[in-house]
Amino acid sequence: MTDIPTAEEALARLDMPLIEAMMTQRAVRRVLPDPVDDAVVRKCIELALRAPTGSNGQNWEFIVVKDRRVKERLGKRYRQAWSLYGAVGRRVTAGDESMQKILRAVQWQVDHFTEIPVLVVPCLRGGMRLPYMPSPFVGESSFFGSIYPSVQNLLLAARAMGLGASLITLPLWSVTSARRALGLPLTVTPVCVVPLGWPRGRYGPTTRKPVEEVVHLDGYGHRAWLDASSSNR
């Protein structure tokens with residue numbers, strides 16, 4: 001079983017080199033039901049608040065959920081959405097063991113949602129479509145762009161301290177239901193859910209595509225770095 005650090009030990013791990021945290025960060029869905037000290041959760045959010053926001057608006061709110069009844073309400077919506085998406089995902093990825101492994105991890109999270117010790121729900125104040133934005137798309141991207149840098153900070157802080165964490169959105173498929181469960185006014189929008197807990201497994205290096213395969217120079221389709229890499233072989 002994973003050794004659970006004290007709050008002091010977890011906080012001391014924040015001196016992990018940034019590159020190590022980034023190179024080994026992954027979605028960790030299977031976590032232990034053991035409690036996470038408030039000091040550790042507070043530090044995750046404190047570091048999340050260091051991220052930039054649009055116009056330095058700092059229009060964020062973070063709901064920390066530990067009450068089982070609230071978890072059950074969010075978990076119910078999670079199960080509803082996953083019953084559809086999970087079934088489609090298993091059918092579409094049949095034969096792909098790496099994807100099936102991910103789907104099994106998500107299924108575990110769905111099944112054990114109320115046992116996860118802490119859920120952090122990042123939220124934003126204000127409307128998505130600001131009147132001075134030229135289009136709904138720009139307004140919405142600007143709105144959500146004010147929270148996701150802070151979520152990444154939170155995830156990196158969790159990784160450094162050894163917490164298991166993941167970014168999920170399916171429990172929020174009904175924003176109205178989520179607002180009711182969390183007691184949110186109409187002026188505050190839940191954006192995602194970050195379950196936190198001590199991992200049942202271990203962190204390790206992640207496998208990603210080479211940079212050359214995903215970069216397009218000056219326009220889509222111009223894979224200059226990929227071509228250069230190929231010619232050097």
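In the predicted model, helix α4 passes α5 in a left-handed crossing. The axes of these two helices come within 11 Å and cross at roughly 165 degrees. Because angles over 145 degrees count as roughly antiparallel, α4 is described as roughly antiparallel to α5.

Helix α7 comprises 14 residues, 148–161. From its first C-alpha to its last, α7 reaches 20 Å, close to the 20 Å expected at 1.5 Å a residue. The helix is mostly covered, with ten of its 14 residues buried. Among the buried residues of α7 are S150 and V151, the leucines L154, L155 and L156, and the alanines A157, A158 and A160. R159 and M161 also belong to the buried set of α7. The residue that follows α7 is G162, which has a positive phi, near 90 degrees.

R159 also takes part in an arrangement with an aromatic residue: R159 lies over the face of Y203, at 4.1 Å from the ring centre.

Across the whole structure, a search identifies three aromatic pairs. In one of them, the ring centres of Y78 and F113 are 5.2 Å apart and the ring planes stand at 80 degrees, so the pair is edge-to-face. This pair connects distant parts of the chain, the two residues being 35 residues apart. Y78 is located in helix α4 (residues 68–92), whereas F113 is in the loop between α5 (97–111) and β2 (118–125). Both Y78 and F113 are buried. Helix α4 is thus represented both in the Y78–F113 pair and in the left-handed crossing with α5.

Another aromatic pair is formed by F143 and F144, whose ring centres are 5.3 Å apart. The planes of F143 and F144 are at 80 degrees, and this pair is therefore also edge-to-face, since planes over 60 degrees apart are assigned to that class.

Notes. Residues numbered from 1 in each chain as written. Predicted model: local features only at pLDDT ≥ 70, side-chain atom pairs only at ≥ 80, totals over all residues. Heavy atoms only, no water. Phe/Tyr/Trp six-rings, centres within 6.5 Å; stacked < 30°, edge-to-face > 60°. Helix = DSSP H or I, 4+ residues; strand = E, 2+ residues; numbered from the N terminus. Buried < 20%, exposed > 50% of the residue type's maximum accessible area, 1.4 Å probe, protein only. Lys NZ or Arg CZ within 6 Å of the ring centre and 35° of its normal. Expected span 1.5 Å × (residues − 1). Axes fitted to C-alpha atoms, helices over the stretch in contact; angles between N-to-C directions. Parallel < 35°, antiparallel > 145°, perpendicular 65-115°, else oblique. Left-handed = near helix turned anticlockwise from the far one by under 90°.
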